[in-house]
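Please consult the sequence and the coordinates shown here alongside the text.

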Amino acid sequence: MESKLQKFLNDAFAPYGDFPARNDVVQELHANLVEKFNDLKREGKSDEEAYQLTIDSFGDVTEIMEHVPHAETTAEGTKEPTANGPTPKASALMQADLTDSDLAHKDFSKSALMESSFDRSDMHGATFKSAALKAASFAEANVRDAVFTSSDLQNVNFNKANLTNATFNKSDLSGVSFDGLTLDGVSFNNSSLKNASFKNTVLRNVSFYHSAVKHAVFDGATMDKLTYALLKGAKATLTDVTVQ
C-alpha cells in the first residue's frame, strides 16, 4: 500500500516537474499518508476503505505548491533569447520581456519564467518541460505545436493566442482563461483545470483524458461530439454548450 500511496503523490505532483524541494515535500507527505492509512486500518477499515479515506484527506495540491519553490533556477542563461541566440534551457528568466521575439522550436525546459511576457512572439514548436510559467503572458503569440509537459501554468494569459495542436499534458492550468479561442487538436491530458475557463470557446478534437475538469467553466462553448463525450465522462458541467 505504501507504493500505491507513493504513486498517488507522484501523479499529484507531476504537473510541477522536478522543483527543488520536491523530494523533501513528497517524502514528508508520504510519511503522513502512511501514518493516516495505518490509523484507519487500526480502526477496522479495509485496505480499500483506508486508502480512499487517506487520499480524500490529502486536499488540494495547488494550495501546497503555493508555499514551496516551483522550479529549478540557475545563474546561467539569463540573457533574453533571440532567433539565433542560445537555447534558454534551465534558465532563470522571471519577469523577462520576450515580446515580439522569434522563439520557434526553442527549449525552455526546467526554466523559471514566472510573469514573463511572450506576447506576440513566435513560439511555434517550443518546448516547456517542467517549466515554471505562473502568470506568464502569451497574448497574441503563435503557440502552435508547442509542448508544455509537467509545467506550472497557473493564471497564464493566452488571450488571442494561436494554440493549434499545442500539448498541455501533466500540467497545472488552474485559473487559465481560454475564453473565445478556437482550440483545434489541443491536448490537456492528465492536467489540472481547476477554475479554468472555456467560455464561448470552440473546441475541435480536443483531448481531456484523465484531467480534472469538474470545476472548469464551459459556458457558451461549441465542441465536436468526441470532445463533448470526453468532458461529459469526466463530469464537466456542460449545460450551456453547442455540440456540432
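The term pLDDT denotes the predictor's confidence in each residue, on a scale from 0 to 100. For this protein the mean pLDDT is 85, and 84% of the residues reach 70 or more. The model is a predicted one, in which local features need pLDDT of at least 70 and side-chain atom pairs count only at pLDDT 80 or more, while totals for chains, interfaces and linings use all residues. Residues are numbered from 1 along each chain as its sequence is written, and side-chain values use heavy atoms, with hydrogens and water left out.

**Confidence along the chain**

Helices (H or I, at least four residues) and strands (E, at least two) are DSSP runs, numbered from the N terminus. Among these elements, helix α4 (residues 61-65) has the lowest mean pLDDT, 68, whereas strand β4 (residues 182-184) has the highest, 97. Over residues 70-87 the pLDDT is below 50, and this stretch has 42 contacts in the model beyond near neighbours in sequence. A contact means heavy atoms within 4.5 Å.

**Helix packing**

Axes are lines fitted to C-alpha atoms, for helices over the stretch in contact, and angles run from 0 to 180 degrees between N-to-C directions. Angles under 35 degrees count as roughly parallel, over 145 as roughly antiparallel, 65 to 115 as roughly perpendicular and the rest as oblique. A crossing is right-handed if the near helix is turned clockwise from the far one by less than a right angle, and left-handed if anticlockwise. For the composition of a contact, Ala, Val, Leu, Ile, Met, Phe, Trp, Tyr, Cys and Pro count as nonpolar, Asp, Glu, Lys and Arg as charged, and the others, Gly among them, as polar.

| Helix pair | Axis distance | Crossing angle |
|---|---|---|
| α1 and α2 | within 10 Å | roughly 135° |
| α1 and α3 | within 12 Å | roughly 30° |
| α2 and α3 | 9 Å | about 135° |

Helix α1 (residues 2-13) and helix α2 (residues 22-42) cross at roughly 135° and are therefore oblique to each other. Their crossing is right-handed. On α1 the contact involves Glu2, Leu5, Gln6, Phe8, Leu9, Asn10 and Phe13, and on α2 it involves Arg22, Val25, Val26, Leu29, His30, Leu33, Val34 and Phe37. By class, this contact has 10 nonpolar, three polar and two charged residues.

With helix α3 (residues 47-56), α1 makes an angle of roughly 30°, and the two are therefore roughly parallel to each other. The crossing of α1 and α3 is right-handed. Lys4, Leu5 and Phe8 of α1 meet Glu48, Tyr51, Thr54 and Ile55 of α3. Four nonpolar, one polar and two charged residues make up this contact.

The α2 and α3 pair packs at about 135°, and these helices are therefore oblique to each other. Their crossing is right-handed. The contact is formed by Leu33, Lys36, Phe37, Leu40 and Lys41 of α2 with Asp47, Ala50, Tyr51, Leu53 and Thr54 of α3. It comprises six nonpolar, one polar and three charged residues.

**Sheets**

Two strands pair if DSSP finds at least two bridges between them. Three bridges join β1 to strand β2 (residues 147-149), and Phe128 has Phe148 of β2 as its bridge partner.

Another open sheet has four strands in the order β4-β5-β6-β7, also with parallel pairing. At its edges stand β4 and β7 (242-243), each with a single partner strand, so one side of each is left without a neighbour in the sheet. Three bridges join β4 to strand β5 (residues 202-204), and the two run parallel. Leu183 stands opposite Leu203 in β5.
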